Amino acid sequence: MRTYLTRRILQLIPVIIGATLIAFFILSLVSDPFAAMIENPKIKLADIVRLKHQWGFDLPIYLRFFKWFGSVVVGNWGPSLLYPGYSAREVIFRALPITLQVMSLEFIFSILLSIPLGAISALKQYSKTDYSLTLFSFFGMSMPTFWFGLMMMIVFSVWLKRPSGVPLLPPGGIQTPGMESAAFLPRMLDRGQYLIMPVIVLSLFSVGGWVRYMRSFMLEVLHQDYLRTARAKGLTERTVIYKHAFRNALIPIITLIALSFPGIVSGAAITEYVFNIPGMGRLVLSAELKNDFPTAMIALTLSTILVVIANLAADVVYSIVDPRIRYS
Amino acid sequence: MANELTLEEKSKGRESYSYWGLVFKRLRKHSMAMIGFFLLLIIIAVVILGPLIWRVSPTQQPEGMEDILLSPCAAHPFGTDEYGRDILARFLYGGRVSIFIGFMAAISSVFFGTVIGLITGFFGGKIDTVLMRLVDIMLSIPTFPLLIALASVLGKGVWQIILVIFVFGWMGDARLVRSVVLSLKEEEFSEAAKAIGVSPLRIMFVHYLPNVMAPIIVSTTLGIGGAIVYEASISFLGFGVQAPLPSWGNMLQHAQDYIFTHQALVWYPGIAIFLTVLSFNFMGDGLRDAMDPRLYR
Amino acid sequence: MYKTEVLLEVKDLKTYFFTDDGVVKAVDGVSFTIHKGEVLGLVGESGCGKSVASLSIMRLVDAPGKIIGGEIIFKGEDLLKKTPEEMRKIRGAEIGMIFQEPMTSLNPVYTIGNQISEAILVHQDIGGEEAKKRTIELLNLVGIPEPERRFNQYPHEMSGGMRQRVMIAMAMSSNPDLLISDEATTALDVTIQAQILELMKDLQKKTGMAILFITHDLAIIAEMADSVAVTYTGKIVEYSDVRTVFKNPKHQYTYGLLMSVPSLVAVETKVELPAIEGMVPNPYHMPQGCHFNPRCPFATETCRKEMPELKELEQQHLVRCLHPVQASKEVV
Ligand SMILES: Nc1ncnc2c1ncn2[C@@H]1O[C@H](COP(=O)(O)OP(=O)(O)O)[C@@H](O)[C@H]1O
Ligand SMILES: [Mg+2]
């Protein structure tokens with residue numbers, strides 16, 4: 001088990017480097033960080049010249065990559081051009097917790113919802129429940145995330161109002177001004193109001209797909225010989241389903257969930273944009289828009305690492321659920 | 001998933017007709033696939049024939065302010081947008097653009113992915129290692145931010161958007177095709193073909209390609225829907241198709257500013273995207289069921 | 001045929017599959033009797049309804065299959081009248097079953113110890129520790145070396161033969177009165193197959209349980225069974241004790257089957273008698289009359305019109321054939 005994990009981690013390092021390299025090349029094509037700097041009166045020309053050298057802009061691109069990579073590894077992430085006066089590190093560590101909050105909520109919510117629903121759909125194949133769940137999942141898979149976000153806003157922020165005339169749910173942002181210093185519970189309740197819509201919007205797509213896949217994995221398992229064996233042993237139907245079928249259907253769904261992780265990160269970016277949430281996704285998009293190369297690069301790298309870590313976590317869970325992996 | 005059926009038909013020749021006949025028969029019984037098919041037929045008919053009937057320019061901006069953001073009326077059944085352009089005309093033309101982008105992006109991704117999958121699966125070795133690593137890497141980058149970046153480099157034309165979606169779209173198909181080829185390599189006929197000296201290219205295209213047809217068809221169908229959503233998302237952020245040329249995506253670009261006042265701007269293109277993608281998803285699911293080799297025991 | 005008490009009596013069992021493309025009469029009016037301690041062989045080509053018949057006894061036929069008629073009297077009570085819960089308590093406790101595919105019949109994610117003990121725990125009122133002890137005893141009984149270590153192994157760590165021993169241990173865990181073995185050795189190598197058959201014979205002698213032994217291999221029947229029922233397209237075509245059937249086969253199908261097993265056929269007869277020609281008919285398009293008529297060299301006009309009855313041709317020898325094999329064409 002330990003050697004297996006070590007091997008997997010070692011395999012992931014080149015993936016992270018490769019992904020960063022691709023991102024670096026594409027972003028280098030896009031943005032000239034110095035264009036923005038020259039326009040920025042707060043940055044002195046001498047600094048720009050110094051930075052040009054420091055970031056390797058006097059070098060060919062592949063060498064520049066290694067120079068950049070080296071300085072990132074040692075923790076020198078450069079200044080944020082988007083938020084002058086702040087370092088990229090500060091900007092990112094302000095955005096990262098928010099994104100992690102949104103994504104982990106969406107992740108837990110989606111898993112808790114889609115796995116049972118998919119299993120029910122399979123167990124009641126061709127019933128009304130199954131058809132409704134199928135329709136629901138197609139609805140989720142076919143709905144463009146950003147548009148669904150806009151629809152939610154129209155319903156919950158424009159049409160539905162509280163008696164006081166305030167929208168039922170805030171159409172964007174992350175916190176009511178003035179709540180920063182409130183006590184923990186009210187602050188969380190306030191945060192919750194802002195997160196409900198983004199989390200639902202972001203979940204819909206995952207849930208739609210996962211329900212559908214969980215259903216088909218479960219159906220596949222339900223036709224396996226070992227379920228017939230389990231029934232021939234005289235086990236109760238409960239045991240047959242929950243112990244023997246469900247556990248096996250979880251194995252492929254774990255892989256699927258891991259594979260959909262980059263999609264969730266992408267989805268989070270556009271959801272944050274729609275709901276004006278100051279998270280990483282929004283940060284990447286605006287950094288790209290504003291030629292903030294250092295911030296965009298770091299944010300992309302961190303997102304990639306997030307994806308890679310999620311894949312690793314899936315591997316671990318996988319090896320726990322499937323004994324065939326542990327020993328191979 | 002090795003498509004035993006198609007495989008058998010290959011050797012029997014004549015029966016391959018009955019395989020597709022059977023697929024067709026099952027598809028006709030698949031109510032979701034049929035709903036998807038007819039829905040799509042209607043949508044395509046509307047976007048192709050619509051502009052021929054509704055002969056209003058989708059790009060013309062009237063002088064002055066009085067035609068801006070009109071509610072639906074006789075002259076503009078869907079109203080006008082923030083530049084006073086006719087939304088119905090933009091809607092009809094935009095559908096052409098969006099669906100065209102979806103088709104082209106999905107087909108090119110699948111085509112390239114299939115070629116890569118065939119090559120890596122067939123030759124193995126170094127080519128396989130390198131290309132599959134590339135696939136791993138590209139699959140672990142959150143593509144959307146990079147898609148945006150690439151779109152902003154390449155520019156805002158229809159072909160550029162197709163290229164952008166293609167660049168980040170082929171990896172899944174490559175993996176899929178490779179895995180099918182790997183499982184086919186185990187089969188006897190591969191050994192036999194190699195033993196009697198059939199050329200690699202021939203084995204690849206004559207023996208393997210037909211066997212990956214079923215998953216490829218499903219993947220293309222689902223991919224078109226996915227590409228339409230990608231186009232919409234890119235255009236929504238303002239990196240997609242350059243106005244005044246309309247697409248369903250860029251019609252939504254400023255929609256967020258109007259959700260409080262002019263919701264029609266949000267409704268029409270969004271519903272059209274949703275229904276189009278839904279119909280592709282329905283058809284993809286039906287095709288997958290109809291071509292599932294396990295159903296023909 | 002057999003002298004002890006009747007354990008299982010299947011009467012006119014009908015199990016049909018109602019598919020989109022039509023009705024498949026997988027089991028169509030099958031009757032047989034198993035006495036205590038008897039080994040009844042059920043034999044026939046693949047697709048003749050043997051598995052469906054055995055699953056019907058366990059009431060484990062999946063949709064679109066349905067038992068639409070008959071009785072299954074086990075220890076004097078009709079299993080088809082039991083509630084699902086009563087039936088569940090019989091499965092694994094009074095009737096054990098083992099299947100053809102040792103590779104897929106065990107759940108890959110649980111240890112074999114877990115999978116055997118759970119069969120014990122569900123039927124017997126004992127604790128976990130004791131179930132484990134009993135499991136290890138069972139593993140010993142079925143000839144698995146180092147049972148304590150094997151207890152914690154997963155199916156993928158075992159060979160096909162070992163897995164089939166595990167399946168037998170599982171089926172034997174509550175000392176059933178009847179064991180159903182559906183092609184339990186078909187997927188195994190010849191040497192392993194012989195070992196497993198030996199084991200089953202041995203266990204049968206030790207426990208005195210009855211076995212419904214399903215196979216398409218007549219050589220195995222000759223070795224294992226007391227009596228034999230030959231099935232064809234969901235019907236029994238010949239039924240008697242094993243000596244009678246092998247010495248004096250009456251149905252043309254039985255005869256053909258015997259001919260196709262070289263080791264069972266006397267050298268001089270082999271030359272003049274070909275194996276059965278053709279294939280089992282398409283279940284959706286059964287031929288008119290005797291279902292065997294398209295493959296039968298002696299079929300007449302009547303054979304093509306009417307399905308013959310299963311008649312007692314000689315004492316204790318039931319045959320469904322209008323032109324039974326002449327005694328002179330004896331084999332073995
Ligand atoms: N799920 C099913 N759907 C339709 N027909 C079936 C199904 N299962 C079995 N059958 C049919 O029942 C018949 C008997 O099958 P089976 O009992 O498995 O044969 P055997 O065990 O003798 O080889 C076959 O003709 C088969 O086609
Ligand atoms: Mg069988």
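Which side chains meet in a salt bridge with Asp225(A) at 3.9 Å, N to O? The partner is Arg228(A), and the pair is taken up again below.

## Basis of the model

This is a predicted model, in which local features need pLDDT of at least 70 and side-chain atom pairs count only at pLDDT 80 or more, while totals for chains, interfaces and linings use all residues. Residues are numbered from 1 along each chain as its sequence is written, chains are lettered from A and ligands numbered from 1 in the order in which they are written, and side-chain values use heavy atoms, with hydrogens and water left out.

Helices (H or I, at least four residues) and strands (E, at least two) are DSSP runs, numbered from the N terminus.

Backbone atoms of chain C approach oxygen atoms of the ligand. A polar backbone atom of Gly47(C) is 2.6 Å from an oxygen atom of ligand 1, and a polar backbone atom of Lys50(C) is 2.8 Å from an oxygen atom of the ligand. For Gly49(C), a backbone N or O atom lies 3.0 Å from a ligand oxygen. The protein covers 69% of the 560 Å² of accessible area that ligand 1 has on its own; accessible areas come from the Shrake-Rupley method with a 1.4 Å probe, and for residues only the protein chains shown count as cover.

## Salt bridges

Over all chains, a search of the whole structure finds 28 salt bridges, each defined as a side-chain nitrogen of Lys or Arg within 4 Å of a carboxyl oxygen of Asp or Glu. Asp225(A) and Arg228(A) both lie in helix H9 (residues 225-232) of chain A, three residues apart, about one turn of the helix. Asp225(A) is partly exposed because its relative accessibility is 21%, and the class covers values between buried (under 20% relative accessible area) and exposed (over 50%), with a 1.4 Å probe and protein chains only. Arg228(A), at 27%, is likewise partly exposed.

In chain C, Glu223(C) forms a salt bridge with Lys201(C), their closest N and O atoms being 4.0 Å apart. This pair links distant parts of the chain, with Glu223(C) in helix H8 (residues 218-224) and Lys201(C) in helix H7 (residues 190-207), 22 residues apart. Glu223(C) is partly exposed at 41% relative accessibility, as is Lys201(C) at 23%. Another salt bridge joins Glu301(C) and Arg304(C), with the closest N and O atoms 3.9 Å apart.

## Chain B

Chain B has eleven helices and zero strands. Its C-alpha trace spans about 80 × 45 × 30 Å along the principal axes. Of the 297 residues in this chain, 52% are buried.

## Backbone geometry

Most residues other than glycine have a negative phi, and most peptide bonds are trans. The peptide bond from Ala63(C) to Pro64(C) is cis, with omega near 5°, and Pro64(C) is found in the loop between H1 and strand S4 (65-74) of chain C.

Tyr126(A) has a positive phi, near 70°. This residue lies in the loop between helix H5 (88-123) and helix H6 (128-142) of chain A, and Tyr126(A) counts as exposed because its relative accessibility is 58%. Gln316(C) also has a positive phi, of about 55°, although it is not a glycine. Its place is the loop between strand S11 (311-314) and strand S12 (317-319) of chain C, where Gln316(C) is partly exposed at 31% relative accessible area.

Conventions:
A polar contact is a pair of N or O atoms within 3.5 Å; within protein, one must be able to donate a hydrogen and the other to accept it, and residues adjacent in sequence count only if both atoms are side-chain atoms.
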